[in-house]
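Try each task before reading its solution.

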Amino acid sequence: MDNGNHTLVTELLILGFPDITGFKAIAFFILLLISYVLTLMINSLVMVLVSIKPQLHSPMYFFLQQLSLVESTFLTLIVPNMLRVVWLEGATISVIGCIIQTYLYCAVGTAECHLLAVMAYDRYLAICNPLRYNTIMNTRLQHRLVIYCWVAGFLLTQVTLNFLCQIEFCGPHVINHFFCDLVPFVELTCSKLALQLEIIIISIPIIAIPFLLVIISYICVFMTIFGISSSKGKKKTFSTCSSHLTVVTMYYGTLITIFMVPADGYTLTINKLISFLYIVVTPLFNPIIYCLRNQEMRVVLNKLFLKEIKKK
């Protein structure tokens, strides 16, 4: 990978948060570390509960368990090195390491995009085809859909990996971000327009198409809900979708803003803040949203905590 002057670029500097220094950086580091550990604990709790509690052995909770796994993986790819960047107030990373992080981050993120679409399809089947739901959404289909999400994630982002391995670096070798995101690479390459175009094109099968499938699924779901005569039935049916709809809105909204809207200068700073929200904050609140808005999950948690209290 040579730039215009034919000098080999081996390291890149990740700026992190230049405005957060000294005591603020230490406080931010501690807050970030606590959020990371807490997120892993909550997601792990969801995965364990779905595995051991018979009342949670249904397709909806199976996919929720997979979402917790994806988000834990996603978070672990970013946050440990992000902690190092915050602690050192900026840190270097090898070009190869940066490209690998970008590829894995994009692959797991793509898997999550498709998993959210699969979860929307699951809700569509459960609400619009309740009599055939258990027959269609059997264990074999559940496993195949999850495998599809992971395979699609790594195959679709293979194009991005190939492109990053061939780019030439120009200008300052500095990434104005807290990790090796795809968009800041635009500022490092000699062919900015080509990379911007590649990001937009690859975002169509990764973000746009799954999001379209989610919209179509929920249009069908809402049409079915509005056809329910009793208000109690409408409320109960909608409550099973509201948590997933909240997560989908937050996740796809941030991704579309970052990857499908060309960014430059001031917009890159905004994108850094948005990235922080969906990388650090969203994985923490997603399982909380599901647990608080889902009756079966609340019952399981209440029984678990009551059991622990009685032991003490």
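**Exercise 1: a nonpolar patch**

Isoleucine 30 lies in helix H1. The model is a predicted one.

Task: Is isoleucine 30 buried, exposed or partly exposed? Then find which residues make the nonpolar surface patch.

Solution. 
1. Take the relative accessible area of isoleucine 30, which is 45%.
2. Apply the cut-offs: buried is under 20%, exposed is over 50%, and partly exposed is in between.
3. Isoleucine 30 is therefore partly exposed, because its value is 45%.
4. The patch consists of Ile26, Ile30, Ile34, Trp87 and Leu88, and covers about 510 Å².
5. Helix H1 (22-52) and helix H2 (59-88) each give two or more residues to this patch.
6. H1 supplies the largest share, three residues.

**Exercise 2: the nonpolar core**

Task: Find how many residues the largest nonpolar core has, and list what phenylalanine 259 touches.

Solution. 
1. The largest nonpolar core has 91 residues.
2. Helix H3 (residues 95-128) gives the most to this core, 17 residues.
3. Leu12, Phe185, Phe259 and Ile279 have the most contacts inside the core.
4. Leave out residues up to four places away in sequence; phenylalanine 259 then touches Tyr105, Asp181, Leu182, Val183, Ile199, Ile200, Ser203, Ile207 and Tyr278.

**Exercise 3: a charged pair**

Task: Search the whole structure for salt bridges and say how many there are.

Solution. 
1. Side chains of opposite charge can pair when their charged atoms come close.
2. The search of the whole structure gives one salt bridge.
3. Aspartate 122 pairs with arginine 123, and their closest N and O atoms are 2.9 Å apart.
4. Aspartate 122 and arginine 123 are both buried.

Terms used. Residues numbered from 1 in each chain as written. Predicted model: local features only at pLDDT ≥ 70, side-chain atom pairs only at ≥ 80, totals over all residues. Heavy atoms only, no water. Core = buried A, V, L, I, M, F, W, Y, C linked by side-chain atoms within 4.5 Å. Buried < 20%, exposed > 50% of the residue type's maximum accessible area, 1.4 Å probe, protein only. Helix = DSSP H or I, 4+ residues; strand = E, 2+ residues; numbered from the N terminus. Contact = heavy atoms within 4.5 Å. Patch = residues over 30% accessible without salt bridge, like charges linked within 9 Å, V, L, I, M, F, W, Y side chains within 5 Å. Areas by Shrake-Rupley, 256 points an atom, 1.4 Å probe, with all protein chains shown as cover. Salt bridge = Lys/Arg side-chain N within 4 Å of Asp/Glu carboxyl O.
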